[in-house]
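Please look at the sequence and the model below before reading on. The report then describes them in plain terms.

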Amino acid sequence: MNVAVAFDHRGVHLRAALLEAIGADGHTIVDLGTDTDAVRIDYPDKAQELGDAILDGRAERGVLVCGSGVGASVAACKLAGIRAAIAHDGYSAHQGVEHDDMNVLCLGSEVVGPSLAADLVRTFLQARFNGGDRYVERLRKVEAMERQMGNG
């Protein structure tokens with residue numbers, strides 16, 4: 001699977017652990033940076049880059065990391081077709097994909113450490129959308145909401 005990864009200046013503290021975990025599992029990394037905390041990088045910019053990579057087909061899923069995961073999630077969800085959420089526990093990391101077809105995992109480098117972050121990313125990437133009728137119907141409702149946003 002092609003996996004886009006992006007970090008703001010605070011999220012970069014999980015970079016090494018996440019790149020190692022994703023690569024070790026045989027995924028192709030679409031690295032959108034950053035690799036340093038020396039320069040402020042705003043999470044909305046990284047959310048846009050990562051969302052674009054998914055929407056244009058360079059990546060199937062993405063991992064977006066800021067300090068808390070909150071800003072990254074808020075920004076990424078503004079892009080139609082991106083279903084992003086914070087998951088700082090294993091259940092949410094897989095259930096978000098299985099039931100909600102989540103395609104972006106958001107993490108907070110100030111909330112989880114490198115080992116847990118690597119486990120969460122592995123769980124997220126191993127999960128598959130259930131495809132059941134009730135889940136598909138819910139996604140259609142979300143898509144309708146996105147269309148309404150585009151008209152407002």
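This is a predicted model: local features need pLDDT of at least 70, side-chain atom pairs count only at pLDDT 80 or more; totals for chains, interfaces and linings use all residues.

Residues are numbered from 1 along each chain as its sequence is written, and side-chain values use heavy atoms, with hydrogens and water left out.

## The whole chain

The protein chain has 6 helices and 5 strands; helices (H or I, at least four residues) and strands (E, at least two) are DSSP runs numbered from the N terminus. In sequence order the pattern reads β-α-β-α-β-α-β-α-β-α-α. The chain's radius of gyration is 14 Å, close to the 15 Å that the globule rule gives for 152 residues, so the chain is as compact as a globular protein of that length. This radius is taken over C-alpha atoms, and the rule is 2.2 Å times the number of residues to the power 0.38. The C-alpha trace spans about 45 × 30 × 25 Å along its principal axes.

Of the 152 residues in the protein chain, 44% are buried. Buried means under 20% relative accessible area, exposed means over 50%, and partly exposed lies in between (1.4 Å probe, protein chains only). The chain exposes about 7,500 Å², and 48% of this comes from carbon and sulfur atoms. Accessible areas come from the Shrake-Rupley method with a 1.4 Å probe, and for residues only the protein chains shown count as cover.

A contact means heavy atoms within 4.5 Å. Among contacts between residues at least 6 apart in sequence, 68% join residues at least 24 apart.

## Helix α1

Helix α1 covers residues 15-24, and R15, L18, L19, A21 and I22 in this helix are buried. Seen down the axis of α1, these buried residues fall within an arc of 165 degrees, so they line one face of the helix. The arc is that of the directions from the helix axis to the C-beta atoms. An α-helix has 3.6 residues a turn, so residues three or four places apart point the same way.

On the face turned away from the buried side of α1 are the exposed residues A16, E20 and A24. The cover over the buried residues of α1 includes the strands β1 (2-7), β2 (28-31), β3 (61-66) and β5 (104-108), together with helix α5 (114-126). After α1 comes G26, which has a positive phi near 85 degrees.

Most residues other than glycine have a negative phi, and most peptide bonds are trans. D101 is not a glycine, yet its phi is positive at about 55 degrees. This residue sits in the loop between α4 (90-100) and β5, and D101 counts as partly exposed at 24% relative accessibility. The peptide bond between G33 and T34 is cis, with omega at about 0 degrees. T34 belongs to the loop between β2 and α2 (43-55).

| Pair | Apart in sequence | C-alpha distance |
|---|---|---|
| C66 and I41 | 25 residues | 9.6 Å |
| E110 and C66 | 44 residues | 8.3 Å |
| D37 and H13 | 24 residues | 8.0 Å |
| M1 and I22 | 21 residues | 9.7 Å |

C66 lies in strand β3 and is buried, with a relative accessible area of 3%. Not counting residues up to four places away in sequence, C66 touches D8, G11, Y43, G71, A72, L107, G108 and S109.

Is E110 buried or exposed? E110 counts as exposed, at 53% relative accessibility. Its place is the loop between β5 and α5, and beyond its neighbours within four places in sequence E110 is in contact with R10 and G67.

D37 is in the loop between β2 and α2 and is partly exposed, with a relative accessible area of 44%. Leaving aside neighbours within four places in sequence, D37 is in contact with H9, V12 and H13.

M1 is found in the segment before β1. M1 is partly exposed, with a relative accessible area of 25%. Residues up to four places away in sequence not being counted, M1 touches H27, T28, E60, R61, L125 and R128.
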